[in-house]
Amino acid sequence: MLVTGWLVVTSDQEETGSALLGLQMGQMLWRVARNQQFQQEYSEQGYLPRECGRRTAAAADNVNHHRQGQGGIDIYQLLKARKSKEEQGFIDLEMLPPELSITILSYLNATDLCLASCVWQDLGKDEYLWQGQCKSTWGHCSIYNRRLPSEFSYRKLYMQLDEGSLTFNGNPTEGIEYFMSKGILNDHPEEVAKFIFYTRTLNWKMLRIYLDERRDVLDELVTLHNFSNQFLPNALREFFRHIHAPEERGEYLETLITKFSHRFCACNPALVREVGLSPDAVNVLCYSLILLSIDLSSPHVKNKMSKREFIRNTRRAAQNISEDFVGHLYDNVYLIGHVATS
């Protein structure tokens, strides 16, 4: 956590139903196969009582007969078919159905997948796996939407994306130029903003420097946020998770709050009518929430601001906002915490 005189800043996809079901089935089949292997080995070595061993074998046979009756592949027989003791240490993924092997390897990160490719070369270099690695880390790249040549390699793309991210974390301008030179990103503010929005490997300090210099990208990045039906403090927290707040108050913070205020009102027209919010009122409330967050979270402030004091001070600057609404703002910060954490 970074505590400054102005803000406290801390550093912190939806699968489709069929994909999630596939992952669950892969985990289940893996556990069934592995448990059967352990039970067989322990029974043979005398670790299990004979009666328990017979029950285990009978249960395994029932599972196998049921699976065979459904036309499935008998994974347990694949395990039993292995001859030597050395082969019984770990399941050879090449003996399993390709779909199951790919599902198992999809749980690995890029480093472990590279290591796996040393053992199972064809499986570890599967393009489907490396496509998943790319899109899970860098959610949006312009190259994803292009017609790719037959010799295109997602494994090579992953290496380029990783190299570009490291370059960005050292020099953000050079990093973006690297992505564009490799054809990964189009030279357009909207495309750069989407890349930043869906990527979590970029250093937030370098990102803040880049956005401060590229206000056109910042504008596009703000429009990617959807604050519909969100309570104001929660929306502000989400905003600062993607666009980190500066350490001190200044022109950049004022720009962020102003852009957030207009976007919040644009996303909540009904709330604007009912509560009487306007971009100027939201701007005032945001500063009040930040100051309240500092007051309640800072160990250096002994006399914490009370709810009554917060309501009185806030309504002096935003008189058309109801007392109940301002009170709910206080309760949210008091219970959940700082609005500028990320």
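This is a predicted model: local features need pLDDT of at least 70, side-chain atom pairs count only at pLDDT 80 or more; totals for chains, interfaces and linings use all residues.
Let me begin with the chain as a whole. There are 342 residues, and 42% of them are buried. The secondary structure consists of 18 helices and 2 strands. The accessible surface is about 19,000 Å², and carbon and sulfur atoms account for 51% of that.

The buried ones are L100, S101, I102, T103, I104 and L105.

Next, the cysteines. How many disulfides does a search of the whole structure find? The count is 0. As a reminder, a disulfide is a covalent bond between the sulfur atoms of two cysteines. The cut-off used here is 2.5 Å between the sulfurs. Take C134: the closest cysteine sulfur belongs to C141 and lies 7.7 Å away, which is too far for a bond. C286 is in no disulfide either, since its nearest cysteine sulfur, in C265, is 9.2 Å away. Where do these two side chains sit, buried or exposed? C134 has 0% relative accessibility and counts as buried. C286 also comes out at 0% and is buried.

Now the charged side chains. The model has 6 salt bridges, and I will go through some of them. In one of them, D212 meets R215, with 2.6 Å from N to O. R215 also meets E251, at 3.1 Å from N to O. Through shared partners, D212, R215 and E251 are joined into one network of salt bridges.

R215 is partly exposed at 25%. E251 is partly exposed as well, at 48%.

Another salt bridge is formed by D216 and R214, with 3.0 Å from N to O. D216 has 34% relative accessibility and counts as partly exposed. R214, at 27%, is also partly exposed.

On to the aromatic rings. The count comes to 15 aromatic pairs. A pair of aromatic rings is described by the distance of the centres and the angle of the planes. For W138 and Y158 the centres are 5.2 Å apart and the planes stand at 75°. Why is this pair called edge-to-face? Planes over 60 degrees apart count as edge-to-face, and 75° is therefore in that class.

The W138 and Y158 pair also links distant parts of the chain, 20 residues apart. W138 is in the loop between α7 (127-137) and α8 (154-170), while Y158 is in helix α8. W138 is buried, with a relative accessible area of 1%. Y158 is buried too, at 13%.

Elsewhere, ring pairs link five phenylalanines into a cluster: F227, F239, F240, F260 and F264. There is also a contact between a charge and a ring. The charged end of K135 sits over the ring of Y144, at 5.2 Å from the ring centre.

Last, the surface. Which residues form a nonpolar patch there? They are Y334, L335 and I336, and together they have about 390 Å² of accessible area. I336 lies in helix α18, which covers residues 323-336. With a relative accessibility of 53%, I336 counts as exposed. The cut-off for exposed is over 50%, so I336 passes it.

To recap for the discussion: the search gives 0 disulfides, and both C134 and C286 are buried. D212, R215 and E251 form one salt-bridge network. F227, F239, F240, F260 and F264 form a ring cluster. Y334, L335 and I336 make up a nonpolar surface patch.

Conventions:
Residues are numbered from 1 along each chain as its sequence is written. Side-chain values use heavy atoms; hydrogens and water are left out. Buried means under 20% relative accessible area, exposed over 50%, partly exposed in between (1.4 Å probe, protein chains only). Patches are made of residues with over 30% relative accessible area and no salt bridge: like charges are joined within 9 Å, nonpolar side chains (Val, Leu, Ile, Met, Phe, Trp, Tyr) within 5 Å. Accessible areas come from the Shrake-Rupley method with a 1.4 Å probe; for residues, only the protein chains shown count as cover. A salt bridge is a side-chain nitrogen of Lys or Arg within 4 Å of a carboxyl oxygen of Asp or Glu. Helices (H or I, at least four residues) and strands (E, at least two) are DSSP runs, numbered from the N terminus. Rings of Phe, Tyr and Trp (its six-membered ring) pair if their centres lie within 6.5 Å; planes under 30 degrees apart count as stacked, over 60 as edge-to-face and the rest as tilted. A charge sits over a ring if NZ of Lys or CZ of Arg is within 6 Å of the ring centre and within 35 degrees of the ring normal.
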